[in-house]
Amino acid sequence: MAIAGIIGVGLAILVGLVLLGLLAFEIKYRQRPGNRLEVTAGSWNLPVYESDHYLLMGEIDIINQTKTLEIFVPELWAEVTLLSKGSLDGITKDVRVTPRHPDAPARPDGYWFGYIVKRKPTKAEIAIDLRGKDLTDLQSAWVRVHYITYGPQGRIPKVKHIIVPLSFPSADAPIRWRPTNRADVLPVRTHLLTHLDDPVEIVKRYVMPHAKDGDVVTIGETPVALMQGRFRHPTEIKPGWVARRICYFFMPTSSLATACGMQSLVDVVGPWRVLFAFIGGSIAKAVFKKPGMFYQWAGEQARLIDDVTGTLPPYDQFIVLGPDQPQQVVDRIYQETGLQAAIVDVNDLKAVKILAMTAGLSSDLLNQALLHNPAGNADEQTPIVLIRPTG
């Protein structure tokens, strides 16, 4: 019996060591970077911008984000969806992708040959040729860059979504100030803001021609987040155990009531914080009659995430997060333009939430000036409101 016991203990120790080894092996595997490769939004311009002919040119970067692995890109192609105020009948589009590798020329037939991205990034050029009798109704192009990554994790298809504006309102267009109790307000129309834009440059372009000393510029939180590239297509999101189960407990109108919407929050703050906030918030609501604690404990992003259909097309197909570092954004606007600034979340229910504002700015002034949501919640495309105090 003693020998059998010793053998049993030995086997138990051996099994335990094997399991620990397998666990360590799995943890190490999960820390591997896999096919980590980034395609950037790049830079875009319109070298041809005539009423019957647009030529949209973009240059994207393809970056291997691993330190030691080689990631293959055997395929890369692009497609474009046009958004317009009018019909697209009679408008033709031709999309061409040309590799711009540092060590291999492009083929004359346009074929994308398999390429190994090492530590040095490579580039690709995308040309979108649009022709038609009248293209002036076109508002934006939604470019989808499809690419295959091939590496340690296998063959993985991915998509990079790039939104490019095609219509640009004139800053000299007629304006109409609206009176409020303590200030006049001016909703400022812009082009469709994208991750190709910078908040300060947008203020300089569209606001400064109308601004005076003492004015205050306010920008909606969603447009700032879009300019920061903080939006994700649901196909890029993989809902986990926590998101799939907790989302059922939220109101159907909440942006956290879908698995992808909730997973967006999980990806920002982590599953344990979301789980703690849910359990704690449920107890606070049921036992202590304190609703809303989930949003306090889960963090500010819990209130700011917009699920699909939450904003203008084509962003209605995306989940939009709240802005990152909003205080830094308003401080930059003040430093580079001299205008006091705030980032706000306003809706038609007369709710004004101030995410960030420059020092010395009156929150009471912002609340009264924005109370009736002068920027609108529809397709006004006026993400900025200029406030001129009158009292």
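Reader: Ground rules before we start?

Author: This is a predicted model: local features need pLDDT of at least 70, side-chain atom pairs count only at pLDDT 80 or more, and totals for chains, interfaces and linings use all residues. Residues are numbered from 1 along each chain as its sequence is written, and side-chain values use heavy atoms, with hydrogens and water left out.

Reader: Where is His-195 found?

Author: In the loop between strand 12 (183-188) and helix 2 (199-207). Helices (H or I, at least four residues) and strands (E, at least two) are DSSP runs, numbered from the N terminus.

Reader: Is His-195 buried or exposed?

Author: Buried, because its relative accessibility is 18%. Buried means under 20% relative accessible area, exposed over 50%, partly exposed in between (1.4 Å probe, protein chains only).

Reader: What is His-195 in contact with?

Author: Leaving aside neighbours within four places in sequence, its contacts include His-161, Leu-226, Met-227 and Phe-231. Contact means heavy atoms within 4.5 Å.

Reader: Back to strand 12. How many of its residues are buried?

Author: Five of six.

Reader: And which strand does strand 12 join by six bridges?

Author: Strand 18 (residues 384-389), running antiparallel. There, Leu-386 is the bridge partner of Leu-186. Strand 11 (residues 178-179) also pairs with strand 12, antiparallel, over two bridges. Pro-179 has Asp-184 in strand 12 as its bridge partner. Two strands pair if DSSP finds at least two bridges between them.

Reader: What joins strand 11 to strand 12?

Author: A hairpin, through three residues.

Reader: New topic. How many salt bridges in the whole structure?

Author: A search finds 15. A salt bridge is a side-chain nitrogen of Lys or Arg within 4 Å of a carboxyl oxygen of Asp or Glu.

Reader: Which residue forms one with Arg-182?

Author: Asp-364, with the closest N and O atoms 2.6 Å apart. Arg-182 lies in the loop between strand 11 and strand 12 and Asp-364 in helix 10 (residues 363-370), so the pair ties together parts 182 residues apart in sequence. Arg-182 is partly exposed at 28%, and Asp-364 is partly exposed at 39%.

Reader: What about Asp-129?

Author: Asp-129 forms a salt bridge with Arg-131, closest N and O atoms 2.9 Å apart. Asp-129 is buried, with a relative accessible area of 14%, while Arg-131 is partly exposed at 42%.

Reader: Which residues are linked in a network?

Author: Asp-198, Glu-201, Lys-204, Arg-332 and Glu-336, through salt bridges.
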